[in-house]
Structure formats: C-alpha cells, structure tokens
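The entries follow in the order I made them.

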Amino acid sequence: MNRLRQLLSRIDGRGYPAYKQLRGRYHDDEVELCIDHVQGDPFAAPSKVRLRIPLDDVDLPDRLLATRAGRVAVRDGLARRLAQHASRIELGRSGSGKSGVVLVDAGGQEVLERSAVVLEGDVLDARLQVGLPAAGRRILGRAAERLLVDELPRLARRALLLTDAEVDELEDHVRCVEDQEDLRRRLPELGLIAFVADGSVLPRRSGASDRPLAGDAVVPWMGPESLAVEVELLHPLPDGRRRVRGTGLSPGVTLIVGGGYHGKSTLLSALERGVYPHVPSDGRELVVTDPSALKVRAEDGRRVEGVDISPFIADLPGGRNTSDFRTDDASGSTSQAASIVEAVEVGTRVLLLDEDSSATNFLVRDARMQELVAKEHEPITPLVDRVRELHDELDVSTILVMGGCGDYFDVADRVLLMKDFIPEDVTSEARSVAERHPSGRRAETDTPLASPRERHPHVSSIDASKGRKGVKITLRDLHRLELGTSRLDLHGLEQLVDRSQTWSLGCALELLRRRFLGDDVTLSAALEALDDLLDREGLDVLDPHHREGEHPGDHARPRRFEIAGALNRLRTLRVE
C-alpha cells in the first residue's frame with residue numbers, strides 16, 4: 001500500500017482528474033485493493049473498487065458451498081456483512097458530492113444472485129462503490145488515504161475473515177435459503193404450486209417498507225385444516241423440527257375472496273414474492289411459490305407487438321385482425337390479454353391476478369350485460385370463460401384475488417376466504433351459493449384455447465446505442481429504464497424487487513440482441529440460452545462494457561419472465 005500512499009500524497013490538493021492516476025492494484029498483507037474505475041468528479045457515480053482475499057483466509061466450510069443455492073446464499077450473506085460494516089466507517093461526509101461514501105449492493109428482504117461478492121477460483125472478490133474525497137473539485141489526499149489505505153482493508157478483514165460464531169451465523173443464512181429453494185424445486189412432486197407455512201408473517205410494516213410487520217397487530221398465518229400439508233425441510237429449524245405444516249395450493253383455479261382490508265392482496269403479494277428466497281426472520285421465508293409464477297395486470301397505454309390475443313379479443317369492428325395484434329396504446333383489457341399470452345409463451349405455469357389491478361371487462365361479463373349487449377357486438381371473451389381452459393388445456397394455473405364478482409365460483413377449484421387475515425376454505429360454501437344463485441351468464445367461447453405461437457424478435461429492433469456513445473443503459477428507478485433512446489415503463493412488472501435487477505434486465509436485453517437473437521430464433525429459445533450462459537459464467541457477462549478482471553457494476557439476476565416482459569414493452573420491438 002506504500003505506493004498508494006505516495007500517490008495520494010503527491011496529488012493532494014490537485015484537481016479531481018488527478019485521481020485517475022490511482023487506477024491499479026495495491027496489496028496489504030492478505031488484502032488486495034483494486035481501483036478499477038475512477039469517477040469523473042465528486043458528484044458523479046462513485047468509483048468502482050474491489051477487495052480481494054484468498055479463500056483459504058476466509059476459511060468457508062465446504063458444506064456451505066456444496067449446492068448452487070448455498071453458493072448464492074454465501075455470497076449474499078457476505079455482501080450483507082460488508083454493507084453492515086461499511087455503514088460504520090466514520091470518515092465524515094464534509095467533502096463535496098459523494099465524498100467518503102462506501103456502498104455495497106447487498107439487497108433487501110429477498111436473496112438474489114448478485115455480482116457484489118464473487119468466489120473466483122481460490123479468491124473472494126468483493127465489489128464496492130467508493131466516493132473519493134474532495135473539497136469542491138480539489139482532492140482531499142489525507143482523507144482518501146485514510147479511506148483507501150486504512151478503512152477499506154480493515155473493512156475486508158472485519159467483514160470477510162469470519163470467527164467461528166460468524167461462520168455459524170452464515171450457515172443459518174445458507175440453510176434458510178437452501179430449504180426454500182429445495183422446497184420450491186419440489187413443489188411439482190408435492191402436487192403444489194405454492195406453500196405458506198403456518199406461523200408465517202405476511203403483512204409488511206408499510207407500503208414504503210418491505211420489512212415484516214411487528215407488534216401486537218401481527219396475525220401469524222394459520223391455514224385451514226382442509227388445505228393442510230406437511231413438508232420436510234433439508235435442514236432442521238432452530239427448534240429442531242424438520243417437518244413443517246402449512247397451506248398447500250394445488251394446480252388449478254384458486255380464488256382468494258373476502259372483504260376489503262382483510263388480507264387478500266397481502267396474501268397475493270406474499271405469493272408474488274415467493275418466487276424468491278427470503279432472509280431468515282423475514283416472516284415469509286417459508287412462503288414458497290412456483291418459480292415461474294407471474295403477476296399480470298392491466299396497463300393502459302402499453303405497447304403490444306405481434307401477439308395473438310384472439311382467444312380473448314377477436315372480431316374487432318372493421319374486421320381488424322387480432323391473431324397478430326399490434327398497438328402502441330393498448331387498453332386495459334387488451335394489455336392484460338396480451339400479457340397473459342406473452343407469459344404463457346415464455347413458460348409461465350402460474351398466473352397471479354388481483355381484481356383491483358385488472359380490467360373489469362376482461363375479468364367477466366355478467367348475465368345482465370350479456371342481455372343488453374349481444375355477443376356479436378362484444379369482441380372480448382372474458383377470463384372467466386378461459387381460466388379453466390388455461391389449466392385443463394395448457395397446464396397453466398391461476399390464483400385470483402376477487403372481492404366483487406361471484407361468477408368465478410362456477411370455475412374455481414378452491415375458494416379461500418380471508419377474514420381478519422385468517423384464511424378459511426369456503427370452497428363447499430361457494431359451490432352451494434353458485435347452485436342456489438345461478439349467475440345466468442352464458443359462456444362466450446367459440447374456439448378452443450391453443451398454445452401461443454412463438455415469436456421471433458427482429459435483432460435490428462433492439463437498439464441500446466445512443467449517438468456516438470455506443471451502448472447506453474440508464475437506470476432511473478425500480479420501474480423505469482432507458483435503453484439507448486428508448487424509455488421503458490416497467491410498472492407492470494410487479495415482481496421486480498431491486499434496482500440492480502432492473503439495470504441487469506436492461507443489460508440482458510442488449511446481451512440477447514448481441515449473442516442470442518437471430519432470424520430463426522424464438523424468444524423462448526433465446527431466453528433459455530441466456531439462462532444457460534448466466535448459470536455457467538455468472539452475472540459479469542451482463543455488463544456490455546465489462547473488462548475481464550474488473551468491477552462489472554452492481555448486478556442482481558432478473559428472471560426470464562421480467563426480461564421477456566421488458567422486451568415486450570420496448571416500443572421499437574418488431575417480431576415475426
């Protein structure tokens with residue numbers, strides 16, 4: 001580190017661009033400090049820095065790295081330790097812009113595959129963003145020396161060189177994630193699409209916090225006996241148990257009903273997030289959903305490109321074709337129909353819908369409206385008439401929150417009533433109500449439901465370039481992304497949970513264009529090839545500007561379903 005000290009002493013007080021001289025690698029006993037990218041000024045995105053330690057010094061037990069889920073969990077746990085210790089660095093923030101900030105992309109309640117910590121051969125590589133200290137645009141050399149030469153190596157040692165007690169804590173984290181991923185993998189053999197363990201805490205603290213609700217207001221989940229399932233976990237829980245009782249949801253059509261504010265949407269939200277593992281003590285760590293489950297909502301104004309929506313919308317006035325439908329400004333019903341077809345095209349096995357975020361005329365058309373508006377004048381075939389076919393013909397299940405329409409009683413396999421956040425199985429009662437009070441409506445299907453045709457995206461319609469800058473991907477927030485000159489509104493992709501996931505999604509679109517899409521390649525095949533690549537080579541390949549052996553930026557892995565959803569919302573997209 002002496003060379004770095006000398007450099008910092010020499011550039012102290014000079015203009016900020018002199019920091020560029022710091023790029024390189026510096027050693028301090030067992031810690032190697034790599035400064036890969038230096039920010040242009042104090043107000044720019046922080047500099048990219050890595051801390052490298054021999055894995056032998058970290059001394060991770062082999063059992064923690066024995067499974068893919070375990071390796072992801074180890075990396076996640078170490079990133080969280082880094083972030084926790086980084087928050088304690090007391091350098092002071094008296095400098096300009098981002099001076100002194102140390103950031104680690106550690107995530108929230110969900111455990112995602114990330115690029116923040118990577119195990120490369122015999123080395124642990126931790127990636128950080130660091131704000132180099134400045135007053136105005138003048139270098140604060142002594143503050144930078146304290147940060148880079150003293151604090152960061154100390155951070156690496158404190159966070160990454162584990163005591164026996166800290167190894168035990170990390171092992172608890174790994175076991176929790178492995179249990180969830182193993183249970184998620186076994187859902188089909190258990191005959192389930194979702195599982196909610198008794199005692200789970202589903203409500204969150206607020207709309208602005210994803211942490212579990214605490215205090216006397218908490219009503220732990222306790223499922224009905226009729227839907228009770230016992231599952232065996234890979235590892236014993238802290239109390240020694242390996243068998244856990246909970247509510248199992250089977251394939252088919254599941255309705256979640258009940259009065260307002262009684263927990264319907266809270267349950268659906270937990271199932272949405274159940275496609276990801278959660279940290280211990282989250283409350284939802286044993287709420288597990290089929291990994292392909294996708295939330296589908298109405299999105300007025302979204303782009304639709306080359307989608308066969310004819311099973312739901314056909315015979316438009318003027319004879320407009322809907323088997324190859326295109327629009328720049330879809331209605332709520334049209335957008336929701338397109339989203340369902342797009343989801344099934346790329347392999348979704350479970351659809352999640354909430355009445356509150358759905359187009360009413362897409363969900364149902366009751367008998368009175370059928371009487372007033374004849375079918376020949378209504379192009380929409382509502383979901384209530386297709387939802388059974390989705391399961392029976394295409395093996396796609398549906399979980400639907402419904403508070404205002406009982407017509408779905410006729411097609412549901414099970415009905416779950418939420419009352420004061422306590423679930424009751426009211427399937428028999430719902431069927432009895434349907435028998436006593438027939439809806440009087442007529443099914444409006446006239447053609448059978450078939451598998452969606454697979455589409456071939458045009459490579460030339462995906463362009464992340466911006467003038468002479470080449471590829472330019474800009475993250476605005478969790479649901480807003482810019483790909484070159486195109487702005488993507490991703491609010492319809494409600495299972496995005498992390499900004500780094502959204503940025504990685506934009507990079508994935510560029511990688512698809514560059515390496516996997518072609519004239520004879522379907523979207524599904526390209527997504528499969530992308531998943532295989534990420535499994536083999538990790539997330540570093542996502543960065544279009546990545547240089548081997550350098551900080552690739554903060555990536556969190558998006559699912560193929562959100563990648564496809566983003567592509568489908570790209571306004572320049574063209575498909576065959």
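The notes below record what I looked up, one topic at a time.

**Entry 1: strand β6**

I am working with a predicted model. I began with β6, residues 123-130. Is this strand buried or exposed? Eight of its eight residues are buried, so β6 is largely enclosed by the rest of the structure.

I then checked which way the side chains point. In a regular strand the side chains alternate between the two faces of the sheet. Here V123, D125, R127 and Q129 point one way, while L124, A126, L128 and V130 point the other way. The residues on both sides are buried.

Next I listed the partners of β6. Strand β3, residues 47-54, pairs with β6 in the antiparallel sense over eight bridges. I located V49 there, and its bridge partner in β6 is L128. Strand β4, residues 102-103, is also antiparallel to β6, with two bridges. V102 has V130 as its bridge partner in β6. Strand β5, residues 117-120, runs antiparallel to β6 and is joined to it by four bridges. For V118 I found D125 as the bridge partner.

β5 and β6 form a hairpin with two residues between the strands.

**Entry 2: nonpolar cores**

I looked up the largest nonpolar core and found 82 residues in it. Which residues have the most contacts inside it? They are L255, L383, Y408, L509 and L512. Helix α12, residues 499-516, gives the largest share of this core, eight residues.

Leaving aside residues up to four places away in sequence, L509 touches I462, L483, L488, I563, A566 and L567. There is also a second, separate core of 57 residues. Its members include L7, V31, L147 and L155.

**Entry 3: a four-stranded sheet**

I traced an open sheet of four strands, in the order β12-β13-β9-β15, with antiparallel pairing. Which strands stand at the edges? They are β12 (228-232) and β15 (287-289). Each has a single partner strand, so one side of each is left without a neighbour in the sheet. Direction ignored, neighbouring strands are turned by 30° against each other on average.

Five bridges join β12 to the antiparallel β13, residues 243-249. V229 stands opposite G246 in β13.

A helix packs on this sheet: α5, residues 164-186. It touches β9 (194-197), β12 and β15. The direction of α5 makes about 40° with that of β15.

**Entry 4: salt bridges**

I counted 66 salt bridges.

R349 and D290 meet at 2.9 Å, N to O. R349 sits in the loop between α7 (332-345) and β19 (350-354), and D290 in the loop between β15 and β16 (294-295). They are 59 residues apart. R349 has a relative accessible area of 37%, so it is partly exposed. D290 is at 6%, so it counts as buried.

R302 and E342 also form a salt bridge, at 2.9 Å, N to O. R302 is in the loop between β16 and β17 (304-307), E342 is in helix α7, and 40 residues separate them. Both R302 and E342 are buried.

R303 meets D328 at 3.0 Å, N to O. R303 lies in the loop between β16 and β17, and D328 in the loop between β18 (325-327) and α7, 25 residues apart. R303 counts as buried, at 4% relative accessibility.

**Entry 5: aromatic pairs**

How many aromatic pairs does the structure hold? I found two.

Y16 and Y19 are edge-to-face, at 4.9 Å centre to centre and 75° between the planes. Y16 and Y19 are buried.

The ring centres of F312 and F362 are 5.4 Å apart and their planes are at 50°, so this pair is tilted. F312 lies in the loop between β17 and β18, and F362 in helix α8, residues 360-363. The pair therefore ties together parts that are 50 residues apart in sequence. F312 counts as buried at 2% relative accessibility, and F362 counts as buried at 0%.

Methods. Residues are numbered from 1 along each chain as its sequence is written. This is a predicted model: local features need pLDDT of at least 70, side-chain atom pairs count only at pLDDT 80 or more; totals for chains, interfaces and linings use all residues. Side-chain values use heavy atoms; hydrogens and water are left out. Buried means under 20% relative accessible area, exposed over 50%, partly exposed in between (1.4 Å probe, protein chains only). Two strands pair if DSSP finds at least two bridges between them. A nonpolar core is a set of buried Ala, Val, Leu, Ile, Met, Phe, Trp, Tyr and Cys residues joined through side-chain atoms within 4.5 Å. Contact means heavy atoms within 4.5 Å. Axes are lines fitted to C-alpha atoms, for helices over the stretch in contact, and angles run from 0 to 180 degrees between N-to-C directions. A salt bridge is a side-chain nitrogen of Lys or Arg within 4 Å of a carboxyl oxygen of Asp or Glu. Rings of Phe, Tyr and Trp (its six-membered ring) pair if their centres lie within 6.5 Å; planes under 30 degrees apart count as stacked, over 60 as edge-to-face and the rest as tilted.
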